[in-house]
Amino acid sequence: MYIPEDEEFLTLLQKAMAGNLSEAERSRLDVLSKSDANRQLLRQYMEADEPDEQETAELEILYEKSKPNDFIAKQEGTPLRVVPIRSKKRYWMLGIAAAILLCVFAGIAYQQLQQRNMQSNHWQLVSSSKGERKYFKLQDGTEVWLNSDSQLKIQHGFGKTNRRMELVGEGYFSVAKNKELPLTVKVNNMDIQVLGTIFNVRAYPEDERMVTSLIEGQVKLKLHGKREEKDFLLKPGDKVEVTKHQVINKHTEQQHSPSNIEETVAYKKIDMEDKQVLDALWVDNKLVFKGDSFAEVSKKLERWYNKTLIIENKALLKEECSGVFEEKSCEEVLDLIKKTGINLQYEVKQDTLIIH
C-alpha cells in the first residue's frame with residue numbers, strides 16, 4: 001500500500017545522508033521516524049557510524065614472508081583490518097528505494113545492526129601457506145611467529161576486552177604481561193592459559209602428536225578429555241606431548257571412529273642444542289628433525305618448501321632422521337639425508353617429488 005509519509009521519509013533521509021538537510025527538514029524527519037518503528041530502524045542503520053579504521057586494526061603485520069629463507073629480518077608491512085560489512089556510501093539505496101519497500105529495507109537494517117551488535121564475537125584470521133612463515137605483533141605487545149601451513153584466529157577486542165586465540169598448526173608466542181586479561185590459546189581440545197611468557201605450540205591436524213614447549217614464564221594446560229578435564233602446569237624447560245591413539249573396538253571393530261581415539265600425555269624436558277631450543281629453531285629459519293620417522297619428515301618438508309612428496313618406497317616410512325637444516329630447497333635436504341646412510345632416490349616432476 002502506498003503511504004505518502006513513507007515516500008517523504010525516504011526523500012528526507014536521502015538528503016540527510018548527502019548532508020543537504022535544513023533544520024526544518026531535520027525536525028520533520030525526526031517526527032516521521034518516531035511515528036513508525038520501521039522508519040526508525042532504517043534511519044538508525046543508515047546513520048550509524050562506520051567502524052573506525054584504527055579500532056578495526058586488531059593486529060599489525062610487521063613481517064610477512066613468501067620464501068622459506070631470510071625469515072629473521074623483520075620489515076614493516078600492511079596492517080590487517082577487519083573489513084566492514086557495510087559500504088561507506090550506503091545512501092545509494094535510497095535513490096532506488098520506493099516507499100512500498102520500506103519494510104524490506106528495515107528488515108535488512110535489522111539484520112545488519114544485529115551483526116554489528118555481535119561484533120565482539122567476531123574473529124580475525126591470520127594464516128600462512130605452505131612454504132611461508134609470518135611474524136606479527138599485536139596491539140598489546142604480544143609477538144607471534146606463525147609457521148608454515150598454519151592458522152591463527154584472534155577474537156575481536158583482543159587486548160581490550162579479551163585475549164583469546166585459536167591455533168591450527170604451529171606458533172611461537174612471546175606474550176605481553178597483563179594480569180587483568182590472561183591470554184588463552186585454544187588448540188584442538190586443549191586450552192593454554194598464560195599471563196606473560198614465551199612458548200611454542202605444534203598442533204597440525206594430520207599429526208598424531210601435539211607438543212607444547214615452554215621457554216620462559218609459566219603455562220597452564222587444560223586438556224578437555226572425553227571423560228574428564230585435566231590441568232597441567234609447565235615450568236621453563238618443560239614440554240608436554242599429547243599423543244592420539246586409535247583404539248580398536250572389539251565389538252564393532254571400528255577403527256576410525258572419533259570415539260575410538262584416546263590420548264596420552266607425557267611430560268618431557270625440551271631438547272636443547274648449543275643453548276637453543278630445538279622446537280623453536282624454525283623461528284630462526286632452521287628446519288629440525290630429531291629422531292623423526294621419515295613419514296614425519298615428509299610432512300615437515302611439504303609444509304616448509306611447499307612441495308608434494310609421494311613416497312613409493314614404504315620401507316622408508318620407519319627410517320628415523322635427525323639434523324638441523326638451512327638449505328634453500330627440498331632437494332638439497334634430501335641429498336643430505338641420503339648422506340646419512342638412508343637409501344633413497346627421488347625424481348622431480350614440477351612441484352612434486354617422487355621418492356623411491
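## A place to start

Is Asp271 buried, partly exposed or exposed? In this predicted model, Asp271 is partly exposed, with a relative accessible area of 23%. That value does not fall under 20%, so Asp271 does not count as buried. Lys239, at 5%, is buried.

Asp271 and Lys239 form a salt bridge, with 3.1 Å between the closest N and O atoms. Because Asp271 sits in the loop between S15 and strand S16 (272–273) while Lys239 belongs to strand S14, the pair ties together parts that are 32 residues apart in sequence.

Glu241 and Lys268 also meet through their side chains, at 3.1 Å from N to O. Here strand S14 supplies Glu241 and strand S15 supplies Lys268, so parts 27 residues apart in sequence are tied together. Through shared partners, salt bridges join Arg209, Lys239, Glu241, Lys268, Asp271, Asp279 and Glu296 into one network. As for accessibility, Glu241 is buried at 10%, and Lys268 is partly exposed at 40%.

## Another pair

The count for the model comes to 19 salt bridges. One of them links Asp140 and Arg163, at 2.6 Å from N to O. Both residues lie in loops, Asp140 between strands S4 and S5 and Arg163 between strands S6 and S7, so the pair ties together parts 23 residues apart in sequence.

## The largest pocket

Now for the open space: the largest pocket has a volume of about 830 Å³. Its lining has 35 residues, with Arg202, Arg209, Asp292, Glu296 and Lys300 nearest the centre.

Methods
Residues are numbered from 1 along each chain as its sequence is written. This is a predicted model: local features need pLDDT of at least 70, side-chain atom pairs count only at pLDDT 80 or more; totals for chains, interfaces and linings use all residues. Side-chain values use heavy atoms; hydrogens and water are left out. On a 1 Å grid over the protein atoms alone, a cavity is a set of points where a 1.4 Å probe fits but cannot get out, and a pocket is an open set with protein on both sides within 12 Å along at least five of seven lines; lining residues have an atom within 4 Å of a point. Grid points are joined across faces, edges and corners, and a volume is the space filled by probe spheres set on the points. A salt bridge is a side-chain nitrogen of Lys or Arg within 4 Å of a carboxyl oxygen of Asp or Glu. Helices (H or I, at least four residues) and strands (E, at least two) are DSSP runs, numbered from the N terminus. Buried means under 20% relative accessible area, exposed over 50%, partly exposed in between (1.4 Å probe, protein chains only).
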